[in-house]
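Open the model in your viewer and keep the selection panel at hand.

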Amino acid sequence: MNFYALIPAAGSGSRMGGAIEKQYMDLNSVPMIAHAMMVLAREPRLSKIFVVLSPTDKRWNNYAWQGWEERIEVLRCGGTTRAETVLNGLQAMSNICAADDWVLVHDAARPCLPDDMLGKLLDEVADDPVGGLLAVPVADTLKRAAADTSNGARAEATVPRAGLWQAQTPQMFRHGKLVEALRAAGSDMTDEASAIEQLGLQPRLVESDSRNLKVTYPQDLELAGLILGKLNE
Ligand code: CTP
Ligand code: MG
């Protein structure tokens, strides 16, 4: 049984609103995606990292990826949604991956995954029959906004947060089961676990923390830079 990583990196970063795709934005002197690659590459249990780019990606080749040739395989088969990108990538990996091999899907836009958190996910899920993901119990009080926004956004109700977790990545499932789940689920799933849940299975929640943030908006980039500085101290 092998462990592989798949980094979906075919998004445009529309909420970031920058001139270049989010995964290539500079973060502490390297493109953001390089941080996700470095954490995964430091984990000896992962035999290979597949990076899934858009077929129209023009930036990857602008960087010198010397030294990465052994650990990385680039697949230019990204789709129009994250789920499509992941499914296309998994299908392209089928010649290397067995159905029972584990695949860890990790966002290019999560640059601050601590090494020990990745290790904890592998430790806790490697023997799990279903698979699992990093996630954080919701800490804030949650409000549901009223549908009528003519008076601005208004809180209509407080949603109980007990039992709610925020999903992160990596999300770790067996190659065969994940292909089956994503094929059945359609292309608008925003994570792998939701597709697996739709098969009636219950992915294991492995407790993480807020350092493993997803960079979505411009202010997240600054925060990610600070967290990386701290992690690399
Ligand atoms: N992603 C992908 N293919 C897509 C859309 C997203 O591979 N068609 C990837 C992104 O590159 C990112 C990860 O999925 O690594 C998480 O998605 P998100 O944070 O939503 O990134 P974007 O879709 O690029 O950003 P936005 O939704 O703001 O446009
Ligand atoms: Mg997106």
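Contact here means heavy atoms within 4.5 Å. Keep in mind that this is a predicted model.

**Stop 1: Pro 114**

Select Pro 114. It sits in the loop between strand E6 (102–105) and helix H3 (115–125). Is Pro 114 buried or exposed? Its relative accessible area is 4%, so it counts as buried. Now show what touches it. Leaving aside neighbours within four places in sequence, Pro 114 is in contact with Arg 211, Asn 212 and Leu 231.

**Stop 2: ligand 1**

Move to ligand 1. Which residues are closest to ligand 1? They are Gly 13, Ser 14, Lys 22, Thr 85 and Lys 214, out of 19 residues that surround the ligand.

Zoom in on the oxygen atoms of ligand 1 and look for these distances:

- Ser 14: an N or O atom in its side chain is 2.5 Å from an oxygen atom of ligand 1.
- Ala 10: here a backbone N or O atom lies 2.8 Å from an oxygen atom of the ligand.
- Arg 15: a polar backbone atom is 2.8 Å from an oxygen atom of ligand 1.

On its own, ligand 1 has 560 Å² of accessible area, and the protein covers 89% of that.

**Stop 3: helix H1**

Select residues 32–42, which form helix H1. Nine of these eleven residues are buried, so the helix is largely enclosed by the rest of the structure. Colour the buried ones: Met 32, Ile 33, Ala 34, His 35, Ala 36, Met 37, Val 39, Leu 40 and Ala 41.

**Stop 4: salt bridges**

How many salt bridges does the structure hold? There are twelve. Visit three of them.

Start with Glu 43 and Arg 45. Their closest N and O atoms are 2.9 Å apart. Glu 43 is buried, at 9% relative accessibility. Arg 45 is partly exposed, with a relative accessible area of 34%.

Next, select Glu 192 and Arg 82. Their side chains meet in a salt bridge of 2.6 Å, N to O. This pair links distant parts of the chain: Glu 192 is in helix H5 (residues 192–198) and Arg 82 in helix H2 (residues 82–92), 110 residues apart. Glu 192 is buried at 1% relative accessibility, while Arg 82 is partly exposed at 22%.

Keep all four residues on display: salt bridges that share partners join Arg 82, Asp 107, Arg 110 and Glu 192 into one network.

**Stop 5: Arg 174**

Finish at Arg 174, in strand E10 (residues 165–174). Which side chain of opposite charge is nearest to Arg 174? It is Asp 100, 4.9 Å away.

Last, show the surroundings of Arg 174. Leaving aside neighbours within four places in sequence, its contacts are Met 1, Ala 99, Asp 100, Asp 101, Trp 102, Ala 126 and Asp 128.

How values were computed. Residues numbered from 1 in each chain as written. Chains lettered and ligands numbered in written order. Predicted model: local features only at pLDDT ≥ 70, side-chain atom pairs only at ≥ 80, totals over all residues. Heavy atoms only, no water. Helix = DSSP H or I, 4+ residues; strand = E, 2+ residues; numbered from the N terminus. Buried < 20%, exposed > 50% of the residue type's maximum accessible area, 1.4 Å probe, protein only. Lys, Arg positive; Asp, Glu negative; His and termini not counted. Near = heavy atom within 4 Å. Polar contact = N/O pair within 3.5 Å; in protein donor to acceptor, adjacent residues only side chain to side chain. Areas by Shrake-Rupley, 256 points an atom, 1.4 Å probe, with all protein chains shown as cover.
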